[in-house]
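Hi,

Here is the structure I promised to send you. Have a look at it first, and then read my notes below on how the chains meet.

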There are 2 protein chains.
Amino acid sequence: MKVPELSLVLVGFGHVGRRFALLLTEVADRLDFEWRIVAIATGRHGSVVDPGGVDATRALAAVAADQSLDRLDAEPRQRSGLDVIRQAAALLADDAAEGRLVLVESTVLDIDRGEPALSHVRAALEAQMHVVTVNKGPTAFAYNELASLADTVDRVFFFEGAVMDGVPVFNLVRETMPAVRIDGFRGVINTTSNFVLSALEQGQPFELALREMQARGIAEADPTLDIEGWDAAAKTAALVNVLMGGAITPHQVARTGITDVRATDVRDALARGRRIRLVATARWQGHTLLARVEPELLASDDPLAGLADTANALYLTTDLLGEVGIVQREGSLTQTAYALLSDLTRISLRLRDWTDQ
Amino acid sequence: MKVPELSLVLVGFGHVGRRFALLLTEVADRLDFEWRIVAIATGRHGSVVDPGGVDATRALAAVAADQSLDRLDAEPRQRSGLDVIRQAAALLADDAAEGRLVLVESTVLDIDRGEPALSHVRAALEAQMHVVTVNKGPTAFAYNELASLADTVDRVFFFEGAVMDGVPVFNLVRETMPAVRIDGFRGVINTTSNFVLSALEQGQPFELALREMQARGIAEADPTLDIEGWDAAAKTAALVNVLMGGAITPHQVARTGITDVRATDVRDALARGRRIRLVATARWQGHTLLARVEPELLASDDPLAGLADTANALYLTTDLLGEVGIVQREGSLTQTAYALLSDLTRISLRLRDWTDQ
């Protein structure tokens, strides 16, 4: 069986994109595909396109030294992420036609419209590229459109990392729970808020905990997206759209963040054996889909109560399997980067099936 | 795309086998395959082989009325499960050659040697049948042999229901966690013991709780297998063999059941905010694989402490994703039967891929 070689276009090269580039090399001997990075687009460090292969080590070093990637390009120029996608698609049209050209999207979320990720995904699919992303924007704002476009062009649009990093949520349902109907869910799915609430329980200051999450590269670039519940709302919309057949945006999720949660409330709850957690919920009420994110006071035997620090969990309400939970006991950048890797493996599997025919 | 038609040989037609036959009909409109039952073998209610299709409703009615299935057979005879497998394979050699003949195995576990399930699986694979089973015996006693045999004959050997019913454990790792190394696990995986311990916490008698589990069809036919830890040990061996590359049997799992757990211990623990649970554990210590099942006194923040009644959970220790948990909040016969259905769906998917070539 031939090992597929994937040509990767990295759009977004922040904490996650850079960890992904390293992780690929670290676990190369376990992967059933080969790859080369043919382009990298960043927000603040220029871009490089090289169909012969970008040297990841040099790219990582350049960004670490706060230098522009333009210096790695034979013909450097001012390019947006969208420009890079289109240029790569034009230069590597054969790879695209063979289904070996992949957009690896990890830009920063814009909660107003899901951009620029949404346009990146759309442009890549239109250019016959597969898409893997950790970005919540595309599924939270336009899942149905993008999934249908992917079907039409016979390419995949995968986004395992949009919720709970590399711990399977979307693949869990798609690959391991066939014929099961998802009637709703309940989860703790924003790591930064959970870390902050856990810190408050321990008597630590809100601000310090938030800075710790930023230092670890886990908080959003704009951490108000975390603490005001926008990140959880985007994930809720993504889950509703993908798993429950909904068609909502994060703006349709009733949302209360943890900004107004007082340290004394958190500690009083703990003293009574209870916990305050930022809980995301969705369920059908008749034909109406109720989706919300808000701090809840949880009883000690609530399965979400025991989640501390960087733990996440999602409990799905199903018809055939009752309530099924998937739990991530600790979150890290490696896990987010792994999500992209696991999605790439699914593409590779698909290419093998094609090649075998 | 053609919808595959599977020919099913049901060996074992107890609580699980009968619930499976019903469930197939209940969710028929969600399945991407068609099927007919071509044989049923039971331990105490005879057997029937009919390549034209056995009427499931009549078979269910016969067993419910404590009648023999022989009356549904044109040429009834005394047959073992093994006889039925061989006869079906001979009569349906074309289906077998086309990969559409499937053994659905749900016999009772014999903890000494994993028989008769092990022989059933081996014989079916040798006859070019696919195999799906909820039985722990085959994976607990001979996973490596059977997986290798399945590879050789290009048929699948699936067993999702061997641990945590239809909630994905084996498929979770195989299908959604590529390139991840499983270094160990810890779980509450015997429903009956957990139900009994929960009942003791509530001041209910051991015997009453055990009878309740028998009445629901959840306890093993011989419930001492549950309360003496054999069921959990068999599942532990299955997990070790499949997920950690081990080659052990249940007899190599250090095992203590809940027979000697006193109600006062359980209630004292609860009064101190702690729980006693039957915990299955495996991990590598150097090159030695440690596997054990024993009642543990759990702190209140242990993720296994909150599991009550029929809940199960398994926490996998991984290298790339940290600790990942999968939780079944309630167990029922439907969920066990669903495991067979989810495995059949994977076979159907494979047949579609073949057909498309």
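This is a predicted model: local features need pLDDT of at least 70, side-chain atom pairs count only at pLDDT 80 or more; totals for chains, interfaces and linings use all residues.

Start at Ile326(A): its bridge partner in S12(B) is Ile326(B).

Now step back to the whole interface. On the chain B side 40 residues are in contact with chain A, and they touch 40 residues there. How much area do chain B and chain A bury between them? The value is about 3300 Å², with 59% of it on carbon and sulfur atoms. If you wonder why I quote an area, the size of an interface is often given as the accessible area lost when the parts come together.

Four salt bridges are found across the interface of chain B and chain A. For an example, look for Asp319(B) and Arg30(A), which form a salt bridge with their closest N and O atoms 2.6 Å apart.

Which elements of chain B give two or more residues to the side that touches chain A? They are helix H7 (170-176), strand S12 (323-328) and helix H13 (333-356). H13(B) supplies the largest share, nine residues. Sorted by class, this side of chain B has 19 nonpolar, eleven polar and ten charged residues.

Enjoy exploring, and write back with any questions!

Best wishes

Terms used:
Residues are numbered from 1 along each chain as its sequence is written. Chains are lettered from A and ligands numbered from 1 in the order in which they are written. Side-chain values use heavy atoms; hydrogens and water are left out. Contact means heavy atoms within 4.5 Å. Buried area is the accessible area (1.4 Å probe) that two parts lose on being put together, summed over both. A salt bridge is a side-chain nitrogen of Lys or Arg within 4 Å of a carboxyl oxygen of Asp or Glu. Helices (H or I, at least four residues) and strands (E, at least two) are DSSP runs, numbered from the N terminus. Ala, Val, Leu, Ile, Met, Phe, Trp, Tyr, Cys and Pro count as nonpolar, Asp, Glu, Lys and Arg as charged, and the others, Gly among them, as polar. Two strands pair if DSSP finds at least two bridges between them.
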